Amino acid sequence: QVQLVESGGGLVQPGGSLRLSCAASGFMFSNYAMSWYRQALGKERELVAVITSGGSRNYADSVKGRFTISRDNDKNTVYLQMNSLKPEDTAVYYCKARGPGTYWGKGTMVTVSS
C-alpha cells in the first residue's frame, strides 16, 4: 500500500523556519521524482520545489533562496527546509511522488503569522 505522510507543519512567526518531512512507503522511492506543492486558502495548488531521482532540484521563484528540498533514499523521506518564512507562505503543503505512478500525501498545514 502506497503511503506519503507529511509532518513538520505548524505555526511560526514571520522570519522563522520550519522543516517539513514526507515519509514514503509502498513504492520504489529512489526511482521517483519528489515534489512539494502548496495550496493557500482560495488559491490553486502550486509547485514549490522538486527533486529528481538523480538529485537535480528546481524551485518556484517565490521560494528560491529561502527553501531547500532534499531527499534521503535510505530513509525513503523527502524534506523541505523553509527559512525566512513570510505570511504569504501560509498554506497546506503536500508531498507528491512522480514516476511509474503518481501519488499524493494528505498535506500538512503551515501558518506564518505574528
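A disulfide is taken here as a pair of cysteine sulfur atoms within 2.5 Å, and by this rule the structure holds one disulfide. The model is predicted, so that local features need pLDDT of at least 70 and side-chain atom pairs count only at pLDDT 80 or more, while totals for chains, interfaces and linings use all residues. Residues are numbered from 1 along each chain as its sequence is written, and side-chain values use heavy atoms, with hydrogens and water left out.

The disulfide joins cysteine 22 to cysteine 95, with an S to S distance of 2.2 Å. Because cysteine 22 lies in strand E3 (residues 18-25) and cysteine 95 in strand E9 (residues 91-98), the pair ties together parts that are 73 residues apart in sequence; strands are DSSP runs of E with at least two residues, numbered from the N terminus. The torsion about the S-S bond is about -80 degrees, and the disulfide is therefore left-handed. Cysteine 22 is buried at 0% relative accessibility, and cysteine 95 is likewise buried at 0%, where buried means under 20% relative accessible area with a 1.4 Å probe and protein chains only.

Arginine 38, in strand E4 (residues 33-39), is also buried, with a relative accessible area of 6%. Its side chain makes a polar contact of 2.9 Å with the side chain of aspartate 89 and another, of 3.0 Å, with that of tyrosine 93; such a contact is a pair of N or O atoms within 3.5 Å, of which, within protein, one must be able to donate a hydrogen and the other to accept it, and residues adjacent in sequence count only if both atoms are side-chain atoms.

How values were computed:
Helix = DSSP H or I, 4+ residues; strand = E, 2+ residues; numbered from the N terminus. Buried < 20%, exposed > 50% of the residue type's maximum accessible area, 1.4 Å probe, protein only.
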